[in-house]
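Here is a short report on helix packing and one surface patch. Please keep the viewer open while reading.

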Amino acid sequence: MSTPSDAGNERSEPELSAVIGERRQLMNLAYRMLGSVAEAEDAVQETYARWYAMSPERQAAVASPGAWMTTVASRVCLDVLGSARVRRERYVGEWIPEPLPDRSEWVGGRTDDGRDEPADPADRVTLDESVNMAFLVVLESMTPAERVTFILHDVFRYPFAEVAEIVGRSAPACRQLAASARRRLRDARAGTGPAAGQGALVREFKEAWEAKDIGALIGLLDPEATMITDGGGLAGAALRPVEGGERVAQYLCHFADKVPDLVLLERTVNGRPGLVAQHAGVTVTVAAFGLAGERVHRIWAVRNPEKLRPWPGHGPQSWGG
């Protein structure tokens, strides 16, 4: 025969499971809002901390724990985005969103003997068009309110009435924010289009880079191509964008000469074909590509080791400067 406390525990188990089951949804939401795996993990952790800080009575009074957690996580992300602009002004060099590996390669950390450890599936972000690097870079140009409203409504399909409650604006104001965000996306379409043919183009690019064939690289690059590198002051990187297809090709060949034992691997980066550079078995650079027609228009190369934690073989070593 169950005691009253046993019955209460039985009732709470499904509720507890539902709360824990929200973690993946929250990670997907927070990464898109923040463009940072580390900051997304912190936002999700803060959301759970606030949930467990409530008394059982207050938790029981929440009609939909999932909706409650989405609201809290979104507001935490709004606060983070508000302060991120100030922090990124102090960032050394260019800031690029953290790149994501294919789900099968996502690393959660290191074992005691230094081996990469697979991540908890709940920590992996679903890869779709709303996380390709070109899309995330455009999101960075939005105001915090635009970004959160756009992601909640256009990406996760929350109705404006619910979005308004989450962001603390009226529904008509949220419609205007979403419309403004869409205009920003339309104005920055270069490199954000369909990925058709990207795999073959990236493979040709890799082969030309390995061969240090500057002519072939120039042929694969849009004349107005731009390469942005993010070292965060922790790895060698250009402090400003490298502009023009010829200059980008020269930059890449310079590093190919400087590090002859650099290994280039074709990998999925934020759901699209990209390249990973390894040196002595350590992942030191992850490059995402944006296309314009049949040429490379943008390259985003992340070298900051703190942003490479989810990648196999991530480590503190770097190449070049």
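The axes of α3 (residues 37-53) and α5 (residues 65-89) cross at roughly 135° and come within 9 Å. Their crossing is right-handed (the near helix is turned clockwise from the far one by less than a right angle). In α3, the contact residues include Ala43, Tyr48 and Trp51; in α5, they include Trp68, Val72 and Val76. Contact means heavy atoms within 4.5 Å.

This is a predicted model, where local features need pLDDT of at least 70, side-chain atom pairs count only at pLDDT 80 or more, and totals for chains, interfaces and linings use all residues. Residues are numbered from 1 along each chain as its sequence is written, and side-chain values use heavy atoms, with hydrogens and water left out.

| Pair | Angle | Axis separation |
|---|---|---|
| α7 (residues 144-155) and α8 (residues 160-167) | about 150° | 10 Å |
| α7 and α9 (residues 171-187) | about 95° | 8 Å |

α7 is therefore roughly perpendicular to α9. Among the α7 residues that meet α9 are Ala145, Phe150 and Asp154, and the α9 side includes Cys174, Leu177 and Leu185. The α7 and α8 crossing is right-handed. Val148, Thr149, Leu152 and His153 of α7 make that contact with Phe160, Val163, Ile166 and Val167 of α8.

Axes are lines fitted to C-alpha atoms, for helices over the stretch in contact, and angles run from 0 to 180 degrees between N-to-C directions. Helices are DSSP runs (H or I, at least four residues), numbered from the N terminus.

Now the surface. Leu16, Ile20 and Tyr52 form a nonpolar patch of about 290 Å². Ile20 lies in α1 (residues 4-20). Patch residues have over 30% relative accessible area (Shrake-Rupley method, 1.4 Å probe) and no salt bridge, with nonpolar side chains joined within 5 Å. A salt bridge puts a side-chain nitrogen of Lys or Arg within 4 Å of a carboxyl oxygen of Asp or Glu.

Technical notes
Patches are made of residues with over 30% relative accessible area and no salt bridge: like charges are joined within 9 Å, nonpolar side chains (Val, Leu, Ile, Met, Phe, Trp, Tyr) within 5 Å. Helices (H or I, at least four residues) and strands (E, at least two) are DSSP runs, numbered from the N terminus. Angles under 35 degrees count as roughly parallel, over 145 as roughly antiparallel, 65 to 115 as roughly perpendicular and the rest as oblique.
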